[in-house]
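Subject: Structure handover

Hello,

Here is the structure for you to look at. Please open it first, then read the notes below.

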Amino acid sequence: MARRFSIFFFGVLIGVMVIRFAFPGRFVEYTQYFDMNYRVLYHLKSDTIYLSSSAQCYLDCYNLSKDEVLDVLDGGKINFEKSDQRSNPCKFYIVEKEGLNVGFDICDKKVTLRNFFLYQDSCICD
């Protein structure tokens, strides 16, 4: 019985090594997908992001572009304590990076940048 398990695990190990070297980079991407932070950021990066009226107001007030705010997706972290993952019909996630908090609504077919805040918040939009 122990011999069967050792042969099985040796075969699994050889298979993983073949896949890892045959498809470089993809293996690590597949293993990271089980991380919730990576999965939400991947979903946000791959979809088209629309602006809410509140987000447009903040962009105008801070004189920022949409690309500058969406830079938070590169290296940002999801704050799951401030996010609402169980809301219906859209889930709400807050992404934080270097003093910028960005709120996203993730619906079935649409991702919306709801609002964002800088730590030195001086704009009033609603």
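Start with the aromatic rings. Rings of Phe, Tyr and Trp (its six-membered ring) pair if their centres lie within 6.5 Å; planes under 30 degrees apart count as stacked, over 60 as edge-to-face and the rest as tilted. By this rule there are 7 aromatic pairs. One of them is Phe-5 with Phe-9: the centres are 6.4 Å apart and the planes are at 25°, so this pair is stacked. Both sit in helix α1 (residues 2-22), 4 residues apart, which puts about one helical turn between them. Helices (H or I, at least four residues) and strands (E, at least two) are DSSP runs, numbered from the N terminus.

The model is predicted: local features need pLDDT of at least 70, side-chain atom pairs count only at pLDDT 80 or more, and totals for chains, interfaces and linings use all residues. Residues are numbered from 1 along each chain as its sequence is written, and side-chain values use heavy atoms, leaving out hydrogens and water.

Phe-5 is partly exposed at 45%. Phe-9 is exposed at 51%. Together with Phe-8, they form one aromatic cluster.

Tyr-38 and Tyr-42 are also stacked, because their ring centres are 6.1 Å apart and their planes are at 25°. They are 4 residues apart in helix α3 (residues 36-46). Tyr-38 is partly exposed at 24%, and Tyr-42 is partly exposed at 40%.

Now the core. A nonpolar core is a set of buried Ala, Val, Leu, Ile, Met, Phe, Trp, Tyr and Cys residues joined through side-chain atoms within 4.5 Å. The largest one has 25 residues; those touching the most other members include Leu-44, Leu-73 and Phe-116. Elements that each supply at least two residues include α3, β4 (100-106) and β5 (111-118). Leu-44 has contacts (heavy atoms within 4.5 Å) beyond four places in sequence, among them Ile-49, Val-95 and Phe-104.

Finally, look at β5. Of its 8 residues, 6 are buried, so the strand is largely enclosed by the rest of the structure. Two strands pair if DSSP finds at least two bridges between them. β1 (residues 49-51) and β5 run parallel, joined by 3 bridges. Leu-51 stands opposite Leu-113. β4 and β5 run antiparallel, with 7 bridges. They form a hairpin with 4 residues between them.

Best wishes

Conventions: Buried means under 20% relative accessible area, exposed over 50%, partly exposed in between (1.4 Å probe, protein chains only).
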